[in-house]
Amino acid sequence: MRNDVYDYTGSRTVSQSSVLRKTYALLAASFVPCALGAYAAAATGFNLAAVGGNRWIGLIAMFAFFYGMIFLIERNRYSNLGAGLLMVFTFGMGALISPLLQYSLNISGGSALVGTAAVMTAAVFAVMSLMARSDKVNTQSLGRFLTIGVIVLMIAIVANLFLQLPALSLTIASGFVVFSSLMIMWQTRTVIEGGETSHISAALTIFISIYNLFSSLLQILLSFAGNDD
């Protein structure tokens, strides 16, 4: 029977090393539309958070895009359509982070902060990916910890939508740095152990983790530099 993800996944029983290799390849490719999305949003002045001129409408639109696209990608995690949807998703995520990047680049020393956040993100990704190759990583325990972590973070995010406390925002950003770092290690280890057979799903999870890691680090650096948005 023809497999419609032959160019990406091949067989659903491919080796773990093959899934991991294709995960990294798709992950690298996903940052191209992400960069294009950020550039397009900056060039057009597009800001999804300002849709309808109301903060809550903008937030609903962002959550709808984020979770809606994740649902569609996961529904097509073994097809070329899933890979295409991933590219659409990363383009949109690039557009979402564009206002933060533009703000950062337009302040004194902002370019250095963006560069520092990017280097730190790359370093964390490299370290976590390397650590994931250790047999000492307990994916089940780590998975349970991450489940609790995401619940706590979501509660904190919802609370801060109403409270708007700078200190809580910084705490949430710090929490996301830890959570995203561990998520990279967990997802990579899961692929290595054969618990994830779709490189599309794996690339999606790692992309979101890297995205959150970079944006959180940048927000922390901006805060310490006295330019908290």
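A: Let's start with a cut-off. Angles over 145 degrees count as roughly antiparallel. Also keep in mind that this is a predicted model.

Q: OK. At what angle do α2 and α3 pack?
A: The angle is about 160°. Helix α2 covers residues 55-75, and helix α3 covers residues 80-105. Their axes are 9 Å apart.

Q: So what do we call that arrangement of α2 and α3?
A: The angle is about 160°, and the cut-off is over 145. Therefore α2 and α3 are roughly antiparallel to each other.

Q: Is their crossing left-handed or right-handed?
A: The crossing of α2 and α3 is left-handed.

Q: Which residues meet there, α2 against α3?
A: From α2, you have Met62, Phe65, Phe66, Met69, Ile70, Leu72 and Ile73. They meet Gly82, Leu85, Leu86, Val88, Phe89, Gly92, Met93 and Leu96 of α3.

Q: And how does that contact divide by class?
A: Between α2 and α3 there are 13 nonpolar residues, two polar ones and no charged ones.

Q: What about α2 and α5, what's the angle there?
A: About 160°. Helix α5 is residues 139-163, and its axis is 12 Å from that of α2. That angle makes α2 roughly antiparallel to α5.

Q: Which hand does that crossing have, left or right?
A: α2 passes α5 in a right-handed crossing. On the α2 side, Arg55, Trp56, Leu59 and Tyr67 make the contact. On the α5 side, Met154, Leu161 and Phe162 do.

Q: How many charged residues are in that contact of α2 with α5?
A: One is charged. Six are nonpolar, and no polar residues take part.

Q: New pair. How do α6 and α7 pack?
A: Helix α6 is residues 166-192, and helix α7 is residues 199-224. They pack at about 155°, with axes 8 Å apart. They are therefore roughly antiparallel to each other. The crossing of α6 past α7 is left-handed.

Q: And the classes for α6 with α7?
A: That contact has 13 nonpolar and twelve polar residues, with no charged ones.

Q: Switching topic. Which residues does UniProt list as "transmembrane region"?
A: The unreviewed UniProt entry lists 24-50, 56-73, 85-105, 111-130, 142-162, 168-188 and 200-222.

Q: Take 85-105. What is it made of in the model?
A: Residues 85-105 are 100% helix and 0% strand. The end C-alpha atoms lie 29 Å apart. For residues 142-162, the ends are 31 Å apart, again with 100% helix and 0% strand.

Q: Last thing. What's the average pLDDT?
A: The protein chain averages 89, and 90% of the residues score at least 70. Over residues 1-13, though, the pLDDT is below 50. That stretch has 22 contacts in the model beyond near neighbours in sequence.

Conventions:
Residues numbered from 1 in each chain as written. Predicted model: local features only at pLDDT ≥ 70, side-chain atom pairs only at ≥ 80, totals over all residues. Heavy atoms only, no water. Axes fitted to C-alpha atoms, helices over the stretch in contact; angles between N-to-C directions. Helix = DSSP H or I, 4+ residues; strand = E, 2+ residues; numbered from the N terminus. Parallel < 35°, antiparallel > 145°, perpendicular 65-115°, else oblique. Left-handed = near helix turned anticlockwise from the far one by under 90°. Contact = heavy atoms within 4.5 Å. Nonpolar A, V, L, I, M, F, W, Y, C, P; charged D, E, K, R; others polar. UniProt positions renumbered as here; feature names shortened; annotations may be inferred. pLDDT = per-residue confidence, 0-100.
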